[in-house]
Amino acid sequence: MNQFQNNLKLALVLMLGLACAPKVSPISTECVVNEDQSTTFKGRWAKQPVPLAVEVNDFNDDELGEILAAINKWNEFYNQSKGFKLYLSGSNPLGVTGTGFTRVSKANVCSQAIVTPSGFSNSIKIYKNRSGWTYGSQVMALTSLCPVNRGGQFREFTAAVMEVNYQHYFVAGTPKPDLQSIVIHELGHILGLDHSCNGSDCEAAPDEYVEAVMYPALGFDGINGRVKRNLMTNDQQRANCLY
Ligand SMILES: [Zn+2]
């Protein structure tokens, strides 16, 4: 056992395939968990909203807009479903930290809890990983979560970091994923959702799992990544069980 045993790593991987027309689901306010998805939760934040910071010196304005749109997608859903926004919102919705943060090494993610008894002492981080990507070239993004057991129904997160693979994607001559789709998926992990299916279960997964934003892979149509920006009923029903 090592010190990273509770450091969950949830990866979004590349999948080759043809894109389909984006689908839209109406807002669902019900908590529904299919039996075969009963273990598709990783934990939750005990306090809301969840602060979110991005590295302002690295993401450009267009990218920040995509990240903000992804945040707003979840916020709008929870606002309609639960009457609150999970992620920070307002005049500074990204919780931007001025000169940017110092990259938190993976080794330190879980040793630096950002949750205190009175609130949050720091922010979730989202950063570009331009070099030294160690999770495999097929992995487009990866979120690390740090859950602890505090006796409730869900384990509670103490920290989270999202890394986006800018070594193998978003660079000239490589397939261009849809950043907003990726961030929506990774934010789903940060709020507590695991994938809609896992491993070999995905091979026979029903359409509602495949179409969910929390499906573990995202296809390409030629060089452009599939656009998957809408929270589907399956995503929403599971998300309603967390908060
Ligand atoms: Zn994922």
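**Figure 1. Overview of the predicted model.** The model is predicted. By that definition, the protein has five helices and nine strands. Their order along the sequence is β-β-α-α-β-β-β-β-β-α-α-β-β-α. The protein has 243 residues, and 39% of them count as buried. Take the contacts between residues at least 6 apart in sequence: 78% of these join residues at least 24 apart.

**Figure 2. The largest nonpolar core.** This core holds 53 residues. Leu 52, Ile 67, Trp 74, Ala 160 and Leu 187 have the most contacts inside it. At least two core residues come from each of helix H1 (61-81) and helix H3 (179-191). H3 gives the largest share, seven residues.

**Figure 3. Surroundings of Ala 160.** Ala 160 is among the core residues with the most contacts inside the core. Which residues does Ala 160 touch, not counting those up to four places away in sequence? They are Ile 124, Thr 143, Ser 144, Leu 145, Cys 146 and Ile 190.

**Figure 4. Helix H1 against helix H3.** Two packed helices are described by the angle between their axes and the distance between the axes. For H1 and H3, the angle is about 45 degrees and the axes are 8 Å apart. That angle makes H1 oblique to H3. The crossing of H1 past H3 is right-handed.

**Figure 5. Residues between H1 and H3.** From H1, the contact uses Glu 63, Glu 66, Ile 67, Ala 69, Ala 70, Ile 71, Lys 73 and Trp 74. From H3, it uses Leu 179, Gln 180, Val 183, Ile 184, Leu 187 and Leu 191. What classes of residue make up the contact of H1 with H3? There are 10 nonpolar residues, one polar and three charged.

**Figure 6. Pro 216 in its loop.** The loop that holds Pro 216 runs between helix H4 (207-211) and strand S8 (217-221). Is Pro 216 buried or exposed? Pro 216 is buried, because 20 other C-beta atoms lie within 10 Å, and 20 or more count as buried. His 185 is 31 residues from Pro 216 in sequence. In space, the two are 8.7 Å apart, C-alpha to C-alpha.

Definitions and conventions. Residues numbered from 1 in each chain as written. Predicted model: local features only at pLDDT ≥ 70, side-chain atom pairs only at ≥ 80, totals over all residues. Helix = DSSP H or I, 4+ residues; strand = E, 2+ residues; numbered from the N terminus. Buried ≥ 20, exposed ≤ 12 C-beta atoms within 10 Å, placed from the backbone. Contact = placed C-beta atoms within 7 Å. Core = buried A, V, L, I, M, F, W, Y, C linked by C-beta atoms within 7 Å. Axes fitted to C-alpha atoms, helices over the stretch in contact; angles between N-to-C directions. Parallel < 35°, antiparallel > 145°, perpendicular 65-115°, else oblique. Left-handed = near helix turned anticlockwise from the far one by under 90°. Nonpolar A, V, L, I, M, F, W, Y, C, P; charged D, E, K, R; others polar.
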